Amino acid sequence: MSKATILIVEDDPLQRRLIRRNLEQEGYEVLEAASLREATAAVDSRAVEVAIVDYKLDGETGIDVIRAVLERNPLVTPIVVTAFADIETAVEALKKGAYDYIVKPLDFKKFLPSVERALERQKLRREIALLRTSLETKFSLKNVVSASPGMEEVMRLIAKAAGSDAAVLIDGETGTGKDLAARSIHFASRRKDDPYMAVNIPSLPETLVESELFGAEKGSYTGAHERKIGKFEAASGGTLFLDEIGDLTPQVQVKLLRFLQDKQFYRLGSSSALHSDVRIIAATNRDLEKLMREEKFRPDLFYRLNVIHIRIPPLRRRREDIPPLVDRFIKTYAEREGKTIRGITHEAMSAIVRYAYPGNIRELENIIERAAVFADGEDITQADLPVYLSEKREEDFSSEDLPLTEKVRRLESREIRRALQESGGVKSRAARALGITERILAYKMKTLGIVS
């Protein structure tokens with residue numbers, strides 16, 4: 001079998017035959033073209049990996065050919081061959097997309113390794129393109145479960161954020177999918193072909209956060225044996241996701257604020273300003289308003305980050321999303337375990353939907369993964385679930401012999417207490433989470449005897 005398909009664009013038939021013979025001896029499949037028109041026709045009809053293009057054609061240039069070929073297939077790797085060994089010609093060819101530049105007469109001991117390197121580059125670019133497509137599919141907005149009203153609003157905000165370069169602040173409990181939301185924004189934005197980088201602030205030692213984000217010069221701190229490129233520099237053109245932004249130290253908060261204001265930053269140990277075109281998405285599971293009151297988070301930084309605010313509701317407040325999530329996780333883990341699991345019994349699904357999920361979607365996925373491992377039949381049953389899911393819980397009032405008004409009263413009391421606890425006692429925030437006004441919240445707290 002041929003190793004790859006290579007196109008030769010050369011108006012001298014003797015040169016074409018010479019190059020073709022040497023390439024075919026190496027097992028390559030070779031196409032020939034004597035002009036730009038023939039070259040584009042060849043690329044349109046076949047999957048060409050490398051194009052070997054003569055710089056000087058009859059009435060045309062190799063640069064014209066490279067431009068036309070790359071317009072039709074950006075993954076083709078061009079190599080320019082010419083009798084004119086000047087720097088200007090080489091620079092022009094490389095600027096227009098050529099991978100390499102070879103001078104006639106051809107030395108095939110040097111020429112063939114150049115072709116092999118070009119093929120390795122082409123293979124790498126194809127793999128990157130496939131990976132990018134896979135990531136775009138995985139993090140497509142179509143794949144985000146949004147059956148509940150709360151998640152429909154989240155999806156609306158994600159779509160708005162994807163069409164903008166404004167900073168985004170995502171908050172929500174651990175396990176609600178903040179990173180998925182950030183990736184969905186990136187891969188639906190104009191920056192999708194550029195880097196997406198994520199930094200989990202608490203996972204880094206406090207002394208290394210600054211160098212990790214902004215970079216550092218050699219010798220700027222103990223152990224800095226060479227220059228370090230930070231995430232702001234490496235992600236330029238793309239998106240930088242700062243997870244758990246509430247854990248940033250005051251010193252790094254100042255540097256981040258400066259960057260958001262003028263898009264400039266300094267490597268640790270350097271006085272030279274660097275510029276980066278990177279879009280910032282931040283996330284937190286902490287109450288930044290409370291941290292601001294405690295003077296642990298800068299208000300000016302908060303307002304710079306909070307241009308687009310996305311709050312992801314916990315799973316217990318979006319129970320409509322649980323069944324489709326369960327179906328998705330069953331499919332994933334049944335395939336991994338090599339089992340035919342078609343669904344879940346009504347009893348098991350009821351237990352899953354009733355549960356409060358302190359760990360949110362991450363916990364639900366863990367439960368279904370475990371169930372897929374334990375399942376012996378075509379359906380996941382109650383026996384395949386963790387025991388604690390079948391225990392009687394405070395929020396399960398459906399089996400209690402109580403009047404409807406009392407059930408509603410208990411439910412309201414429980415949800416209000418939970419909202420107040422999650423908001424750190426901030427009534428305005430608790431009211432927003434419950435979907436009511438602060439005045440109605442105050443009235444209900446009074447009638448239910450809730451003291452904050």
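Y355 and Y357 are both buried (under 20% relative accessible area, with exposed meaning over 50% and partly exposed in between, using a 1.4 Å probe and protein chains only). This is a predicted model in which local features need pLDDT of at least 70 and side-chain atom pairs count only at pLDDT 80 or more, while totals for chains, interfaces and linings use all residues. Residues are numbered from 1 along each chain as its sequence is written, and side-chain values use heavy atoms, with hydrogens and water left out.

Let's look at the rings. Rings of Phe, Tyr and Trp (its six-membered ring) pair if their centres lie within 6.5 Å; planes under 30 degrees apart are stacked, over 60 edge-to-face and the rest tilted. The model has 9 aromatic pairs by this rule. Two of them involve Y355:

| Pair | Centre distance | Plane angle | Class |
|---|---|---|---|
| Y355 and Y357 | 4.7 Å | 80 degrees | edge-to-face |
| Y355 and Y388 | 5.4 Å | 45 degrees | tilted |

Y355 has 6% relative accessibility, whereas Y388 is partly exposed at 31%.

Elsewhere, F214, F232, F259 and F265 are linked into a cluster by ring pairs. The charged end of K255 sits over the F214 ring, 5.7 Å from its centre (NZ of Lys or CZ of Arg within 6 Å of the ring centre and within 35 degrees of the ring normal). R370 likewise lies over the face of F374, 4.4 Å from the ring centre.
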